[in-house]
Amino acid sequence: KKTVGFVGWRGMVGSVLLQRMIEKKDFKKINAIFFTTSQIGEKSPIIKDCNHTKLLQNAYDIDLLYSLDIIITCYGTEYTNLMYYKLRSIGWKGYWIDAASELRMIQESCIVLDPINLKEINKSIDSGIKTFVGANCTVSLMLMSLGGLFSANLIEWISVSTYQAASGAGAKHMLELLNQMNFISKNIDSDLENESMSILNIEKKITNLYKSKNFPKKYFKIPLLGNLIPWIDSIHNIGQTREEWKIQAETNKIISSNKKILIDGNCVRIATLRCHSQSFVIKLKQDISIIEVETILRNHNKWVSIIPNTAESSLKYLNPAYVSGTLFTPIGRIRKLNIGKKYLSAFTVGDQLLWGAAEPLRRILCILVK
Ligand code: HSE
């Protein structure tokens, strides 16, 4: 059995990864060592049917890391930058599996999303690639839902608008959103009971509460509750954010396309908890019927599901609250746009922590320990 070191397993993505590995009984397949950057010597989590160390080990212990077959990190960029090159420079030949974006675009890495690029993954393993990185969440969720059209090579370009959950920004941000809810709710509680209070007065009160110096906004900088933020991550180039840049760059690396598929759009943070949604305008290479589009999408993988373009189904199945905590990647609102016969509209929702982060890592780990 291979020995796998877990770093950053306590964070949000790491916890979802562990949970999924327990559900799928993956720990049976490996020996595990749990690492920490701050609580060395404290107790490891207890995982049934898994041979693992009892105490947490030092995540900066280069000799111990060097002895591992596989390191899987959900710790973030800081750890990757500090340890990855150090280990490689002293000749470590193990597999490095990473959730952070840092290594995605380097030549020696493969971005993993096996329902989309299993062939590429296998080719990479055979050619000696040792670094496997999960894609940005919007990229994985887009590919899981539109996989059929990508693999049939039917896409000329995509313009996307995202509706990204607080979880994508991290646990502290997610907590801040809940604190914003709490702050507003505490302040308007009695007004909601008071029948003589008009809705416009309550709205005015909320808008004023946003300006209060006690309003929790350390991480998001502004209210996310009852609001949105049309900017995610830092600037990349000429007005495009890094989040927006990643979509085309990572997608084309994943599908290893000969001719680059052009993708761009606006990435927007909204006040959902852990599901990202995306609205696509797709320019198809051919005018194919909606029924054909749906069949191609449906047949691509077992997680995508086609939601009929009706009010009832869209409301019921195509929303973040419904999809949260599942591996289901529904796609709906599929129709041709007035703009022309090759212009398709579609809307998808997916769990940002599952297919968007932990699940592709869990699956590459399974491939590597087989
Ligand atoms: N960059 C994403 C977000 C996180 O901010 O929502 C998923 O990789």
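**Exercise 1. The annotated domain**

Determine how far apart the end C-alpha atoms of residues 3-124 lie, and what share of the span is helix and what share is strand.

*Solution.* In this predicted model, the end C-alpha atoms of residues 3-124 lie 21 Å apart. The span is 34% helix and 23% strand. An unreviewed UniProt entry places the feature "domain: Semialdehyde dehydrogenase NAD-binding" at these residues, 3-124.

**Exercise 2. The length of helix H3**

*Solution.* Step 3: the buried residues of H3 are Tyr79, Thr80, Met83 and Tyr84. These buried residues pack against strand S1 (2-7), helix H2 (62-66), strand S5 (70-73) and strand S6 (95-98). Step 4: just after H3, Gly91 takes a positive phi of about 90 degrees.

**Exercise 3. The active-site residues**

Decide whether Cys137 is buried or exposed, and whether His276 is buried or exposed.

*Solution.* Step 1: UniProt, in an unreviewed entry, lists Cys137 and His276 under "active site". Although they are spread over 140 residues of sequence, they cluster in space, with a largest C-alpha distance of 8.1 Å. Step 2: Cys137 lies in helix H5, whereas His276 belongs to strand S13 (residues 275-284). Step 3: a residue is buried if 20 or more other C-beta atoms lie within 10 Å of its own. Cys137 has 29 such atoms within 10 Å and is therefore buried; His276 also has 29 within 10 Å and is therefore buried. Step 4: beyond four places in sequence, Cys137 is in contact with Gly168, His276, Gln352, Gly356 and Ala357. The contacts of His276 include Cys137, Thr138, Gln164 and Gly168.

**Exercise 4. The ligand shell**

Identify the residues that surround the ligand, and classify the shell.

*Solution.* The ligand is surrounded by Asn136, Cys137, Gln164, Gly168, Ala169, Ile232, Glu243 and Gly356. By class, this shell has three nonpolar, four polar and one charged residues.

**Exercise 5. The nonpolar core**

Name the residues that touch the most other members of the largest nonpolar core.

*Solution.* Step 1: nonpolar side chains tend to be buried together in soluble globular proteins. Step 2: the largest nonpolar core has 90 residues, of which Val13, Leu17, Ile70, Ile97 and Leu143 touch the most other members. Helix H5 (residues 137-151) contributes the largest share of this core, nine residues. Step 3: among the residues touched by Ile70 are Val4, Tyr95, Ile97, Leu365 and Leu368.

Notes
Residues are numbered from 1 along each chain as its sequence is written. This is a predicted model: local features need pLDDT of at least 70, side-chain atom pairs count only at pLDDT 80 or more; totals for chains, interfaces and linings use all residues. A residue is near a molecule or strand if its C-beta atom, placed from the backbone, lies within 6 Å of it. Ala, Val, Leu, Ile, Met, Phe, Trp, Tyr, Cys and Pro count as nonpolar, Asp, Glu, Lys and Arg as charged, and the others, Gly among them, as polar. UniProt positions are given in the numbering used here, feature names are shortened, and annotations may be inferred rather than shown by experiment. Helices (H or I, at least four residues) and strands (E, at least two) are DSSP runs, numbered from the N terminus. A nonpolar core is a set of buried Ala, Val, Leu, Ile, Met, Phe, Trp, Tyr and Cys residues joined through C-beta atoms within 7 Å. A residue is buried if 20 or more other C-beta atoms lie within 10 Å of its own, exposed if 12 or fewer, and partly exposed in between; C-beta atoms are placed from the backbone. Two residues are in contact if their C-beta atoms, placed from the backbone, lie within 7 Å.
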